[in-house]
Amino acid sequence: MAESLPEHDRILQEIESTDTACVGPTLRSVYDDQPNAHQKFMEKLDACIRNHDREIEKMCNFHHQGFVDAITELLKVRADAEKLKVIAQTEEIIRCRVQQRNITTVVEKLQLCLPVLEMYSKLKEQMSVKRYYSALKTMEQLENLYLPRVSQYRFCQIMIENLPKLREEIKEISMSDLKDFLESIRKHSDRIGETAMKQAQQQKTFSTALQKQHNVNYGRNTPLGRNRILESKNEITLKRTFEDEDEHEEEVLTAQDLVDFSPVYRCLHIYSVLGDGEIFENYYRKQRRKQARLVLQPQSSMHETVEGYRRYFSQIVGFFVVEDHILHVTQGLVTRTYTDELWNMALSKIIAVLRTHSSYCSDPDLVLELKNLIVVFADTLQGYGFPVNRLFDLLFEIRDQYNETLLKKWSGLFRDIFEADNYSPIPVANEEEYRIVISKFPFQDPELDKLVQIIINTTHLEQACKYLEDFISNITNISQLTVHTARLYGLSTFKDARHAAEGEIYTKLNQKIDEFIQIADYDWTMSESDGRASGYLMDLINFLRSTFQVFTHLPHNNNDHAAMSGKVAQTACMSACQHLSMSLMQMLLDSELKQISMGAIQQFNLDVIQCELFASSEPVPGFQGDTLQLAFIDLRQLLDLFMVWDWSTYLADYGQATSKYLRVNPSTALTLLEKMKDSSKKNNIFAQFRKNDRDKQKLIETVVKQLRSLVNGMSQHT
């Protein structure tokens, strides 16, 4: 028993000192001891607990007053802690309010600075992508709008100091781009000119083909079959022309396709914004004048080949095409006065160069090609509004030189032919060979000769009928005075045959006139006349002269027959002149013809003058005074009205028997004037900017209104 007590004390000490997780084995040892050990251990445990309670009570009794004092003090500190907590929160709030106010101030300042920084960043970006004009606008906004708001900050002062440097940088870069542009157009001027000349030539070819198609319907009395053949041929030719135009349309380039004009636009805008527009204009014009002098300087061997002339012309055309483009797409960089002065200087140089180099040429084919090049060159520049009359005057000199070189070339050939020729007659073995020989004479018509021969034969047979009647009367002893005298029916038959031949002559002459009219090739948009009558009309007049000479073979041995034969010739001549006048009038008033220029009217007037000269030359004797010329009186009065532009007289004297333009119908004048009005509008794009053209347009409009009122009055009266 005494042994178990120390063991229980050990166990209790072990329980008090051991971790709760390890107390299991210790408790198990209580049950492993002697019987009733558990009861004894519990008693020992209770005694230990009581012992501890007493110790706790003693300790509490000892510290109770101190605990009470501590609690009392703690309660006092609690109130002070609450006060300190409120003070700390107040200071924190104040600090936060100050921070908030500072943040608000910073935000406000940043809101002022951020647009400046954004604009400056935008400026740098525009500079990097070479949008210099936009960059200048951004600089202007920075200086005038954004920087003044935050000028007190140091970074703004740095920006303000950098802006002039950036402007100078932009000026230098744009000027460098301009120099590259000038070098580019110098290199590409020949190609630009070649393209422009090709376009002008194609346009002229197209217009010519279209005009020929319009002229198909001018011959009114041509047989139906022949009309269809001619129309078919012209339609095929025009269709091929259209197809050729379509094939080349994608290949044709413009000046904008060959040269990028953006550097000159950009540089002009930049210098204008910077207030140095005048400096830029002077620099550009000075450089272009230098380039013009280089372009106008030909190669020493230019006269040797046509390619040398072609390249020379192409460079000049390219130069002025660029200047014309700059004139129309910019404002003030070049002016019409400047381009006219430059062109006049160039034109004098060109003419001098062509005179010098063409004088070295001894090949007529080369001279002819040079002439064609000059025509294309002049047509091209004329299409861009440059005056080229002096170039057309130069063509007369080129023509004389061509004649001289051709004469030198062929004189030697003819000399060799004459030396080798034995001058024997041309042998003709049969009728076919004879026809081949005489076919070389163009102003003869075998059918007309046959008809004239029929008239001659029937006239002689008609004359012979009288002698045959006398012979029959003699052998039958019947007087011709009696009612039973036999009369020959052949007399009336011969008269009918002669009349039919005369009518066929009139018809045939008109058909031949129609054939000549069909080959008329007027350029209805020409700016001025050629100065000479059309070739087709001169051929027609020569044909009529030779034809009317055939009528001299008609018999004149009898006064009645002479008068009758003269009447046939006069009727044929009058019919031909009237038909020619009517055909020319129909040509002017044709509905397919939409536009007529004053130059075309002048050219047409030259042709009518030749018709009047032919009529006044008495191609057939027997006309009294100017009877034959009256066939062209309608045309003459109409052309005089438009050539003199005498509308005040026409309108004032209209309807009076003494009117100077009595034969001019208001509807005819109105039709022709409207064609000229449309042509004037198309060819004078900038006419509204010139006072003379505006006045002329107003006059045309006024005359058109008055003519329409006259036409309406006539229709109402009818």
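## Salt bridges

The structure holds twelve salt bridges. A salt bridge here is a side-chain nitrogen of Lys or Arg within 4 Å of a carboxyl oxygen of Asp or Glu. Side chains of opposite charge can pair when their charged atoms come close. The model is predicted: local features need pLDDT of at least 70, side-chain atom pairs count only at pLDDT 80 or more, and totals for chains, interfaces and linings use all residues. Residues are numbered from 1 along each chain as its sequence is written, and side-chain values use heavy atoms, with hydrogens and water left out.

One of the bridges joins Arg288 to Glu323, with the closest N and O atoms 2.7 Å apart. Arg288 lies in helix H9 (residues 277–296) and Glu323 in helix H10, so the pair ties together parts that are 35 residues apart in sequence. Helices (H or I, at least four residues) and strands (E, at least two) are DSSP runs, numbered from the N terminus. Both Arg288 and Glu323 are buried. Buried means under 20% relative accessible area, exposed means over 50%, and partly exposed lies in between (1.4 Å probe, protein chains only).

## A network and a local pair

Arg636 forms a salt bridge with Glu612, and their closest N and O atoms are 2.8 Å apart. This pair links distant parts of the chain: Arg636 sits in helix H20 and Glu612 in helix H19, 24 residues apart. Both Arg636 and Glu612 are buried. Salt bridges that share partners join Glu612, Arg636 and Asp640 into one network.

Glu515 and Lys512 also form a salt bridge, the closest N and O atoms being 3.5 Å apart. The two are three residues apart in helix H16 (residues 490–518), so about one helical turn separates them. Glu515 counts as partly exposed, at 24% relative accessibility. Lys512 counts as buried, at 18%.

## The second largest pocket

About 370 Å³ of space lies in the second largest pocket. On a 1 Å grid over the protein atoms alone, a pocket is an open set of points where a 1.4 Å probe fits, with protein on both sides within 12 Å along at least five of seven lines. Grid points are joined across faces, edges and corners, and the volume is the space filled by probe spheres set on the points.

The pocket is lined by 18 residues, where a lining residue has an atom within 4 Å of a point. Met197, Gln201, Asn372, Leu373 and Val376 lie nearest the centre. Helix H5 (154–215), helix H10 (306–329) and helix H12 (364–383) each supply at least two lining residues. H5 gives the largest share, eight residues. By class, the lining has six nonpolar, five polar and seven charged residues. Ala, Val, Leu, Ile, Met, Phe, Trp, Tyr, Cys and Pro count as nonpolar, Asp, Glu, Lys and Arg as charged, and the others, Gly among them, as polar.

## A nonpolar surface patch

Phe67, Val68, Ile71, Leu74, Leu75 and Val77 form a nonpolar patch on the surface. Together they have about 540 Å² of accessible area, computed by the Shrake-Rupley method with a 1.4 Å probe. Patch residues have over 30% relative accessible area and no salt bridge, and nonpolar side chains (Val, Leu, Ile, Met, Phe, Trp, Tyr) are joined within 5 Å. Leu74 belongs to helix H3 (residues 37–128). Leu74 is exposed, with a relative accessible area of 53%.

## Contacts across the sequence

Cys577 lies in helix H18 (residues 559–589). Cys577 is buried, at 2% relative accessible area.

Thr330 is found in the loop between H10 and helix H11 (336–358). Thr330 counts as buried, at 9% relative accessibility. Thr330 and Tyr265 are 65 residues apart in sequence and 7.5 Å apart in space, C-alpha to C-alpha.

## Positive phi values

Most residues other than glycine have a negative phi. Glu618 has a positive phi, near 55°. Glu618 lies in the loop between helix H19 (598–616) and helix H20 (633–644). Glu618 counts as partly exposed, at 46% relative accessibility.

Phi of Trp645 is also positive, near 60°. Trp645 lies in the loop between H20 and helix H21 (647–653). Trp645 is partly exposed, with a relative accessible area of 22%.

Terms used
Patch = residues over 30% accessible without salt bridge, like charges linked within 9 Å, V, L, I, M, F, W, Y side chains within 5 Å.
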